[in-house]
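The stops below can be selected one after another.

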Amino acid sequence: MFPVNLFPLRTLSPAAVGQYFTLVRSLTCGVSRLGKKAEQLENEEPTAEDLPVTFVDDDAESAEEREARIAKLQNKSRLLPQHRNMLHGVLPYEQSQSWIHETVKYKRMMLGRYGIDGSRVDPRVCFPTKKETFEKEEYERVAFPFSLKQMMDANEAERKARKAATEAREAEVARKLEKLDQWTTDLNARIAKKEAEARAAKERKDRLVEEVRRHFGFKVDPRDERFQEMLALKEREDRKKVKEAKRKEKEEKMMEKLQKKTAQLEIGDSDASREQTK
């Protein structure tokens, strides 16, 4: 291919000689591949899709191929086939592409969306199987053990019980509100009584202390032992006097009650005698 005398091989290094033969081999392979490609193109006949529309032979393609080619040319949306089908209300996939497409839930969804003819799904998938029916009944039996009538009766009984409890609470509050004034009066009376008792005790204490000081005739420290002894003696005497006064007051009340009872008995006896005389 190349004249040998143009390349003085003896003057070249071994590396340069290797590069020279590699270049020659690559050129030879490239020329051979180009020749095979040209022969292949000459033997093949162009298809209807490869040729422009003006050069398509209508007699060479069928009606279905022609419709498919026209539809492909009309599709300018650049959407995926499944997305374009969904846009036009058609089943997205002609065949199942994933295990999800074989599930009952997906088939039911396609049937409800595209209908029997459009979804190509057997409508029997919408009805539960015997196993599903049994499992549902078992779940309802465990989760809802009572019937509708029983639950309604229980709800009505609970409502009546709540109403009765509310009415009883309202009645109790009303009854207590009626006694509120009396309770307030009693409370104020008890508070006044305790305050009076506290004042009386303080006055009695002051009086006893003054009596002890008058007994000694001079000022004595209240912490002194003699003062404490005399004060304790005065307190005992005062308690005795108070006790005696209470006893007398009690006796007087008892005598007053006896007198009233005796008077009532005398009046009753006189009335009985008068009736007998009549």
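Select R78 to begin: does R78 count as buried or exposed? R78 counts as exposed, because its relative accessibility is 82%, where buried means under 20% relative accessible area, exposed over 50% and partly exposed in between, with a 1.4 Å probe and protein chains only. R78 sits in the loop between α2 (63-74) and α3. Its phi is near 60°, a positive value in a residue other than glycine.

Some ground rules apply to every stop. This is a predicted model, in which local features need pLDDT of at least 70 and side-chain atom pairs count only at pLDDT 80 or more, while totals for chains, interfaces and linings use all residues. Residues are numbered from 1 along each chain as its sequence is written, and side-chain values use heavy atoms, with hydrogens and water left out.

Now zoom out to the whole chain. It has eight helices and zero strands, where helices (H or I, at least four residues) and strands (E, at least two) are DSSP runs numbered from the N terminus. Of its 278 residues, 8% count as buried. The chain exposes about 25200 Å², and carbon and sulfur atoms supply 57% of that area; the areas come from the Shrake-Rupley method with a 1.4 Å probe, and for residues only the protein chains shown count as cover. Take the contacts (heavy atoms within 4.5 Å) between residues at least 6 apart in sequence: 19% of them join residues at least 24 apart.

Go back to the loop between α2 and α3 and select L80, which lies there too. L80 counts as partly exposed, because its relative accessibility is 45%. Draw a C-alpha to C-alpha distance from L80 to P92: the two are 9.9 Å apart in space and 12 residues apart in sequence.

Next select Q82, in helix α3 (residues 81-87). Q82 counts as buried because its relative accessibility is 18%. Leaving aside residues up to four places away in sequence, Q82 touches P92 and Y93.

Move on to R120, in the loop between α4 (104-119) and α5 (130-143). Its phi is also a positive value near 60° in a residue other than glycine. With a relative accessible area of 56%, R120 is exposed.

For the next stop, select L91, S96, H101, S119 and V121. Of the 15 residues that line the second largest pocket, these are the closest to its centre. A pocket here is an open set of points on a 1 Å grid over the protein atoms alone, where a 1.4 Å probe fits, with protein on both sides within 12 Å along at least five of seven lines; lining residues have an atom within 4 Å of a point. About 230 Å³ of space lies in this second largest pocket, the volume being the space filled by probe spheres set on the points.

Finish with L208, V209, V212, F227, M230 and L231, the six residues of the largest nonpolar core. Such a core is a set of buried Ala, Val, Leu, Ile, Met, Phe, Trp, Tyr and Cys residues joined through side-chain atoms within 4.5 Å. The elements giving two or more residues to this core are α7 (180-216) and α8 (225-277).
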